[in-house]
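Student: I have a model open and want to learn how to read it. Can you take me through the main features?
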Amino acid sequence: MKHKILVTGGLGYIGSHTVVELQSAGYEVIIVDDLSNTRMEVLGKIAQITGTKPHFENFDLVDSELTQKFFDLHPDLSGIIHFAAFKAVGESVENPLKYYRNNIQSLINILENMERLKLSNLVFSSSCTVYGQPDELPVTEQAPRKAALSPYGNTKQISEDIIRDTVVASTIRSISLRYFNPVGAHPSALIGELPLGVPNNLLPFITQTACGIRPQLRVFGSDYNTPDGTAVRDYIHVVDLAQAHLVAVNRLVNNLGKAPYEIFNLGTGNGNSVLEVIQSFEKVSGVKLNYTITDRRPGDVEQVWANTQFANDELGWKAQLSLDEMTLSAWKFQLELNKNNQ
Ligand code: UD1
């Protein structure tokens, strides 16, 4: 019997890459997604890559009745990976209740049903945003969390707290994965980062500018205290990130964890500036990018990159792919999209 894994937000950017890894490793996947920031076509692309179309249900996990009905039909889940959440930092500042309601209520609904049905294994999508601007770099999992800079960031901190407390009071076991900056696309170029509307994140903005969908990229700030003045992040290839989810699921399903609740940084351990990302993109694509330097974006931290020792040692996982492989795969995905839209 195959282990059955629920992947919420499984048609989204990180979710879809993770579903590919899970199916390739022999897991049976059920996706729940409300299509709020993705397209239905992603399901077919996953099937094209893996040869298997995952079971899919379209509903919003904020709806407690629908969520309960779903769990009643699937009481035999071996694990749950909870990706489904809103993630636009700026939008969360303008509409905080939308973020608290969506990101927190869906998590509570899932945990309540896990408790009710005695399901034990939850992998949660957290973020390096919980660190704010850390005092020491690279940042370890033990670094104190700073007051969140946005309601989005706050939902990640609150969610981690809700899971920590629930694990203490139940038989649920959980792993929170704190992502740094996931970028890039699957080597097939069939799935990748495809936000609806104007992208907020750097890489889709770069690739859309390079092919003329956006007129110009704005580099937010060149007066940071960094080597070239632009902000520094730990960019990690989405395929490396997806593989870490597979490792986390294996760890929970096989009861290999050292504690009922564990937290891991997922990054490469390297920091790159916005200008370095642009240079890498221009090199691998051969395209000269139209960009201009503008003011800092409110709420952005200056620099953050991960200490990955704990994930490397405990999970036996290490990011493998370089910045050039990230930017090249993102570009190939964009070119594939353009081909299909002609
Ligand atoms: C942030 C959060 C991350 C969260 C993500 C969700 C931090 C450190 N990171 O990522 O945890 O999951 O939002 O969306 O809080 N940039 C430009 N021009 C652009 C877009 C971005 O210069 O058009 C710059 C940004 O200023 C930043 C870098 O590129 O320095 C990366 O930005 P982005 O891709 O939006 O990710 P973060 O803001 O780092």
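Student: Which residues belong to domain 1 and which to domain 2?
Tutor: This is a predicted model. The domain assignment gives domain 1 as 4-184 + 235-266. Domain 2 is given as 202-233 + 269-341. Each domain is written as two segments.

Student: How far apart are the C-alpha centres of domain 1 and domain 2?
Tutor: The two centres lie 23 Å apart. The contact takes 29 residues from domain 1 and 29 residues from domain 2.

Student: What area is buried between domain 1 and domain 2?
Tutor: About 2600 Å². Carbon and sulfur atoms give 68% of that area. In domain 1, the residues that lose the most area to domain 2 are Y235, H237 and D240. Together these three account for 26% of what that side buries.

Student: How many salt bridges are there between domain 1 and domain 2?
Tutor: Start with the general idea. Side chains of opposite charge can pair when their charged atoms come close. Between these two domains the count is two salt bridges. R251 forms a salt bridge with E314. Their closest N and O atoms are 2.8 Å apart.

Student: How many residue pairs are in polar contact across the interface?
Tutor: The rule finds eleven between domain 1 and domain 2, with both residues of a pair at pLDDT 80 or more.

Student: Which elements supply the side of domain 1 that touches domain 2?
Tutor: β7 (181-183), β10 (235-237), α8 (238-253) and β11 (261-266) each supply at least two residues. α8 gives the most, with six residues. By class, that side of domain 1 has 16 nonpolar, eight polar and five charged residues.

Student: Now the ligand. How many residues surround the ligand, and which are the closest?
Tutor: 23 residues surround the ligand. The closest are S127, L202, R218, R233 and D300.

Student: What distances separate side chains from oxygen atoms of the ligand?
Tutor: A polar side-chain atom of S127 lies 2.3 Å from a ligand oxygen. For N181, a side-chain N or O atom is 2.9 Å from an oxygen atom of the ligand. For R297, the corresponding distance is 2.8 Å.

Student: Back to charges. What is the count of salt bridges by this rule?
Tutor: It comes to 19 salt bridges. One of them joins D161 and R145, at 3.0 Å from N to O. This pair links distant parts of the chain, 16 residues apart. D161 is in helix α6 (residues 151-168). R145 is in the loop between β5 (121-127) and α6.

Student: What about backbone geometry? Is the peptide bond from L137 to P138 cis or trans?
Tutor: First, the background. Most residues other than glycine have a negative phi, and most peptide bonds are trans. The bond from L137 to P138 is cis, with omega near -5 degrees. P138 is found in the loop between β5 and α6.

Student: And is phi of L35 positive or negative?
Tutor: Positive, near 60 degrees, in a residue other than glycine. L35 sits in the loop between β2 (28-32) and α2 (41-50).

Methods: Residues are numbered from 1 along each chain as its sequence is written. This is a predicted model: local features need pLDDT of at least 70, side-chain atom pairs count only at pLDDT 80 or more; totals for chains, interfaces and linings use all residues. Side-chain values use heavy atoms; hydrogens and water are left out. Domain bounds come from an automatic or database domain assignment. Contact means heavy atoms within 4.5 Å. Buried area is the accessible area (1.4 Å probe) that two parts lose on being put together, summed over both. A salt bridge is a side-chain nitrogen of Lys or Arg within 4 Å of a carboxyl oxygen of Asp or Glu. A polar contact is a pair of N or O atoms within 3.5 Å; within protein, one must be able to donate a hydrogen and the other to accept it, and residues adjacent in sequence count only if both atoms are side-chain atoms. Helices (H or I, at least four residues) and strands (E, at least two) are DSSP runs, numbered from the N terminus. Ala, Val, Leu, Ile, Met, Phe, Trp, Tyr, Cys and Pro count as nonpolar, Asp, Glu, Lys and Arg as charged, and the others, Gly among them, as polar. A residue is near a molecule or strand if one of its heavy atoms lies within 4 Å of it.
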